[in-house]
Amino acid sequence: MNKQKNKEELKPLQKQLAQIHQAMGRQGQSAVIVLEGPDAAGKGGIIRRLAWCLDPRWLSVWPIAAPDAREREQHWLQRFWQRLPSQGRWAVFDRSWYGRVLVERVEGFAEPQAWQRAYREINEFERSITAEHIRLVKIWLDIGEDTQLARFQARFDDPAKQWKLTAEDLRNRARWQDYQQARDQMLELTHTEGAPWHRIDANNKHQARMSSFRLLIDQLGKNLDLTPPKPAPDIAHFFGKTDTANNRK
């Protein structure tokens, strides 16, 4: 019953976001949505509910993992440049370029001078994105340490979800405070006027989904013409609809 109630509460927001997605597609406007947060923060659940209501022809979802051998030979931002959306499309990043100053920093995959330099490189990268009139929305999902442990336990207890739980998840949990410190510095140094961070309390999954949809509607719907296009005259004529104003002339 609760799941059904949650679905019903989310439906109107999904419909609004679908209308915004269609309007941006018609008008050739693009968007980048970044979802970051600790393991089990609910990024996947939000992305699934986005994909259910949006037109897949205008949507790309990028789950970001460690760079492969070829990508390690390139500038570290190149793989993200290649995944930016074309005109009229949206790109959703499940983790993103912020891995440079989070997991790569904490786990020692990047040298100190590299991740320290990355704050400036990220800000410049995002200025370039927004200068091209791509709408950028960055969301950090906040959960507590106890919430994460409870969700890990639920995954372990459900055979259909055990695949989501990895040894890396548990190892990262042992460095919770290090990740919190890296998060705080990241939020401080990459929260800019043109690309601000939006923090959402994700300890309650449903409320986090509702908050994320409301945020996306607010940010992506600003100054957007949502007026649906009129049907072509020949189509309107087929269904017996004519422009009475023109007929009077």
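Please keep in mind that the model is predicted.

Let's start with the sheet. Five strands form an open sheet with parallel pairing, in the order S2-S3-S1-S4-S5. Strands S2 and S5 sit at the edges, each pairing on one side only. From one strand to the next, the twist averages 20°. Inside the sheet, S1 and S3 pair in the parallel sense over five bridges, and Ile 33 stands opposite Val 92 of S3.

Here are the strands with their residue ranges:

| Strand | Residues |
|---|---|
| S1 | 30-36 |
| S2 | 59-63 |
| S3 | 90-94 |
| S4 | 134-142 |
| S5 | 197-201 |

Helix H1, residues 2-26, packs on this sheet and touches S1, S2, S3 and S4. The direction of H1 makes about 125° with that of S3.

Between H1 and S1 runs a loop that holds Gln 29. What does the side chain of Gln 29 make a polar contact with? The partner is the side chain of Arg 135, at 3.1 Å. Leaving aside residues up to four places away in sequence, Gln 29 touches Met 24, Gly 88, Arg 89, Arg 135 and Leu 224.

Now for the nonpolar cores. The largest one has 32 residues, and Leu 17, Trp 90 and Leu 220 have the most contacts inside it. H1, S1, H2 (43-53), S3, S4 and H10 (205-220) each give two or more residues to this core. Helix H10 provides the largest share, seven residues. A second, separate core of 31 residues includes Ile 64, Trp 76, Ile 122 and Met 186.

Note on methods:
Residues numbered from 1 in each chain as written. Predicted model: local features only at pLDDT ≥ 70, side-chain atom pairs only at ≥ 80, totals over all residues. Heavy atoms only, no water. Pairing = 2+ DSSP bridges. Helix = DSSP H or I, 4+ residues; strand = E, 2+ residues; numbered from the N terminus. Axes fitted to C-alpha atoms, helices over the stretch in contact; angles between N-to-C directions. Contact = heavy atoms within 4.5 Å. Polar contact = N/O pair within 3.5 Å; in protein donor to acceptor, adjacent residues only side chain to side chain. Core = buried A, V, L, I, M, F, W, Y, C linked by side-chain atoms within 4.5 Å. Buried < 20%, exposed > 50% of the residue type's maximum accessible area, 1.4 Å probe, protein only.
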